[in-house]
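Hello,

Here is the structure I promised to pass on to you. Have a look at it first, and then read on for my notes on what turned up in it.

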Amino acid sequence: MKVTLRILRNNDSTSHESVYKDYPVEVEPTDRILDALQYITWNVDGTLGYRRSCAHGVCGSDAMRINGRERLACKVLFQDVVDEKRWVREPGKKATQVDEENTGDDIVIAIEPLMHLPVQRDLMVNQTKFFENFRAVKPWIVPKEEPGEKEYVQSEEEHVLFDEATKCINCAACYSACPILDENPDFIGPSALVHAARFVRDSRDKGLSERLEALDQPNGLWACTNQFECTKVCPRDIKITKLINLTKRELTKYRASRGESVNDGK
Amino acid sequence: MRPHRGTTFIEMIYEFDAVIVGGGGAGLYAALEASKSAKTAVVSKLYPMRSHTGAAQGGIGAALGNIDEDKPEWHAFDTVKGGDYLVDQNAAKILADEAVKAVYDLEHRGLPFSRTDKGLISQRRFGGHTSEFGKAAVRRACHAADRTGHMILQTLYQQCIKNDVEFYNEFQVVDVIMNGTTCTGVIAFELATGELHIFKAKAVMFATGGFGRMFRITSNAHAYTGDGPAILARAGVPMEDMEFFQFHPTGIRSMGILITEGVRGEGGILKNGKGERFMEEYAPTLLDLAPRDMISRAIVTEILAGRGARGDGKIDDYVWLDATHLGRETIEKKIPDIQDFCKTYLAIDPVESAMPVQPTAHYAMGGIPTDVDGRVVNTKEAYSGLYAAGECACVSVHGANRLGTNSLVDLIVYGRRAGSHIAEYVKSASAPVVSDDAAEAARERIARIHENRGKGGGNPGEMYKRMQETMMKNVGVYRDEESMKLALSDMQAMREEFSTVSGQDETADFNAEILSLLELENLIDLGVLTAASALNRKESRGAHSRRDYPDRNDDDWLKHTMASMDDKGSVTIDYKPVDLSIWEPKPRVY
Ligand SMILES: Cc1cc2nc3c(=O)[nH]c(=O)nc-3n(C[C@H](O)[C@H](O)[C@H](O)COP(=O)(O)OP(=O)(O)OC[C@H]3O[C@@H](n4cnc5c(N)ncnc54)[C@H](O)[C@@H]3O)c2cc1C
Ligand code: SF4
Ligand code: FES
């Protein structure tokens, strides 16, 4: 089938302005969006910039907005989106779908870079801030006790408590979709909180006490107001908002047990 | 954004004790080890977290014996036999012995393994893993659901940031600096600026992963372009056993995305178009858990005999991998990502329907020859200050066919060994000497691509396709004299043609196109070496199956290929003996 990829490009050495450019391509319904991008760079326009590697949704390189929704280009097939209405989001609000003038036989699919991170070129964004926030939660194990010769014993029930959070591939889809970040760029963002939850909930780890600085502050856990946009876009199906709420609850309990109150800035 | 300056020039000269090229499992582990005492940098073309180690699914093998009785010795034997006796046996012994400690170490560093009822690391069956030297299948594959590699990569990266390892991300190494047989650094292209930098180092380690992108159907990442081996081959280092490339039996039909052997480890069954469990014919004891080369051949044989799913006897037909009898709970708990892939790419749920699969180019057994300390060697001597580990290296622990779960072990065991050897070596090595024009050759290669613009040279997109097709068709699961000759001449012609290729992108910053073109050049060079090595070996062994020489021939061919390429792309072949110090070669039946 014939489709047009309408790609928001930013590749002007002087003006740095973003403009939409149309690329008509012939695709199979079962092709990935990434396949079409690859076709374009190798055969039509070598200047198109985007990141990719694994091509099956596990490396986190190619999160972008496809028809206005954050997704991995390698994990969306054309058949998934050709009939779809475009998503739009007013700043600070949830995304909704709108009718567009997608008339006649023309199938147009909009491709745009992630939000909340500065564009480097076309669909490439600068991830420095995103990774800094990741580091801020101390995303490594702080063991409760010294290991013995063999493994730490951990029951499957204990393992399941944090297993889901270990699936994150740091793709930043959630960081782009989060309405809070529209208005508060200092919010640490959903992904970093997922990584925090991964360790806080691990029976082998010292947990909250090590990560208070990043979590227990107005731009940490408490900035989240349960918009659920992150959860909806996560390509790894992580229930991000739920994990954030569980960590909030743990933290409130932790402070209460010490006779302290949380630092939510209120 | 600055326009292209005509010729890229050198911006920076960095100096380290050790430079690790690659931030996947092997590179990160080596960096953790080396950085304990040496000034170390990891230079990686991808953000480390994007490395292909993250794609590994099924497991990491170690004889923990958490469920079934197991011994490192059995693991080593399975490795040797699985590799059709082309494995260096002492290296396999080290691999199996050190695997146990390596897995505990990963767990201590936080790796979230799945657990047994007793709270120990869970283990499952995998192809060719047996107890008592082939008696019965054994549960040896330690796993974190079906994202074991993702968890290894995350855990090692976490440890690296905890330990303040220095990273140069999105720096693509394009050349190596050699002073005779001593390595003194690398040249890297920085994506963000388009500048070339010199990294001087007392020791350099390559850990750049595989090169399956030379084949049309592959489980490998776009970044799997064999940069390390190609750079070293051009610098005169011979490449070992390039003819042995593993085709994994179960890739998603036509896309090549991997369906882990763990599915069969949990009880999944292969069926042909008639619904028959055909592995009963080919491997009566291990059945669907026979080694990969055997199962891939069985699938192709079934397909060509008209017993594929479509039944038309065409090579792109497929067979079924049936896991429906495992039940929803096992699938959701043990192979959740596979379920997700099936839903995303095939619109089916493995709980309800069988998966359409065909062999997919998966793993490079061959590559940069090293000793058991990760030092790069040729047929005569070891190079100084030059190391390699992981998929790009050939120790050789995988021989003619790698066993599932042994690559992840290889990364950890040999990544660590190389890292600690480097830490020792740099203590007494002299400061690296690098001439002012060290980056000249790389600069010229890049300049040529810019200068060719508008001259109507070769079309790289079309060449990429042509390479993948000829390699898939002619150096695939089955090969013969005629097909390999064709592939070799195709690849050599493409090598010629590459000198006329140009890019469209004139800018310096974030010019990913230039890098893709250099990657294509690497693949073409390795394609030449692969086809030439394959054509030369007149026997069938492991993954190298010739229709015209269907049998293994230990008398003439129980030796490693060492293939060197000159400037013109012609290949000369030499050999290296196989270490047979423990087990005597036997026919390989399962
Ligand atoms: C889908 C899939 C599933 C697998 N499952 C398993 C499994 O279950 N068990 C198992 O044992 N094995 C498995 N394997 C094999 C195993 O995952 C790989 O062989 C292994 O992860 C390779 O690790 P590595 O460290 O060598 O390379 P990688 O992890 O690929 O890292 C390569 C690194 O090198 C860098 N690099 C490359 N070129 C350059 C350059 N020019 N300059 C700078 N940096 C460069 C990259 O940025 C990257 O960081 C699987 C492989 C695939 C494809
Ligand atoms: S939580 Fe999900 S959306 Fe966010 S970075 Fe991780 S994988 Fe991506
Ligand atoms: S390319 Fe790896 S997630 Fe899409």
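Please keep in mind that this is a predicted model. Let me begin with Glu170(B), which counts as buried because its relative accessibility is 11%, and buried means under 20%. You will find Glu170(B) in chain B, in the loop that links strand S8 (166-169) to strand S9 (171-179). Its backbone deserves a look too: phi of Glu170(B) is near 60°, a positive value in a residue that is not glycine.

Ala172(A) is not a glycine, yet its phi is positive, at about 75°. This alanine sits in the loop between helix H4 (156-163) and helix H5 (173-177) of chain A. With a relative accessibility of 3%, Ala172(A) also counts as buried.

While you are looking at backbones, turn to Val395(B) and Ser396(B): the peptide bond that joins them is cis, with omega at about 10°. Ser396(B) belongs to the loop that runs between strand S20 (393-394) and helix H11 (406-428) of chain B.

Now for chain A as a whole. Its secondary structure consists of 10 helices and 9 strands, and its C-alpha trace spans about 65 × 45 × 35 Å along the principal axes. The chain has 266 residues, of which 58% count as buried. If you take the contacts in chain A with a separation of 6 or more, 65% of them are between residues 24 or more positions apart.

One side chain in chain A that I would point out is Glu84(A), in the loop between helix H2 (78-81) and strand S5 (86-88). Is Glu84(A) buried or exposed? Its relative accessibility is 19%, so Glu84(A) counts as buried, the cut-off being under 20%. The side chain of Glu84(A) has a polar contact of 2.9 Å with the side chain of Arg71(A), and another polar contact, of 3.4 Å, links it to the side chain of Trp87(A). Setting aside neighbours within four places in sequence, the residues in contact with Glu84(A) are Asn67(A), Arg71(A) and Gln97(A).

Finally, here are two helix pairs, one from each chain.

In chain A, helix H7 (residues 190-200) packs against helix H10 (residues 240-257) at an angle of about 55°, and their axes are 9 Å apart. That angle makes H7(A) oblique to H10(A). Their crossing is left-handed. On the H7(A) side the residues that meet H10(A) are Pro190(A), Leu193(A), Val194(A) and Ala197(A), and on the H10(A) side they are Ile240(A), Leu243(A), Ile244(A) and Thr247(A). Sorted by class, this contact has 7 nonpolar residues, 1 polar residue and no charged ones.

In chain B, the pair is helix H1 (residues 25-34) and helix H4 (residues 148-162), which pack at an angle of about 30° with their axes 10 Å apart. Because of that angle, H1(B) is roughly parallel to H4(B). H1(B) and H4(B) also have a left-handed crossing. Here Gly25(B), Leu28(B), Tyr29(B) and Leu32(B) of H1(B) meet Leu153(B), Leu156(B), Tyr157(B), Gln159(B) and Cys160(B) of H4(B). By class, the contact has 7 nonpolar and 2 polar residues, and no charged residues.

Definitions and conventions. Residues numbered from 1 in each chain as written. Chains lettered and ligands numbered in written order. Predicted model: local features only at pLDDT ≥ 70, side-chain atom pairs only at ≥ 80, totals over all residues. Heavy atoms only, no water. Axes fitted to C-alpha atoms, helices over the stretch in contact; angles between N-to-C directions. Helix = DSSP H or I, 4+ residues; strand = E, 2+ residues; numbered from the N terminus. Parallel < 35°, antiparallel > 145°, perpendicular 65-115°, else oblique. Left-handed = near helix turned anticlockwise from the far one by under 90°. Contact = heavy atoms within 4.5 Å. Nonpolar A, V, L, I, M, F, W, Y, C, P; charged D, E, K, R; others polar. Buried < 20%, exposed > 50% of the residue type's maximum accessible area, 1.4 Å probe, protein only. Polar contact = N/O pair within 3.5 Å; in protein donor to acceptor, adjacent residues only side chain to side chain.
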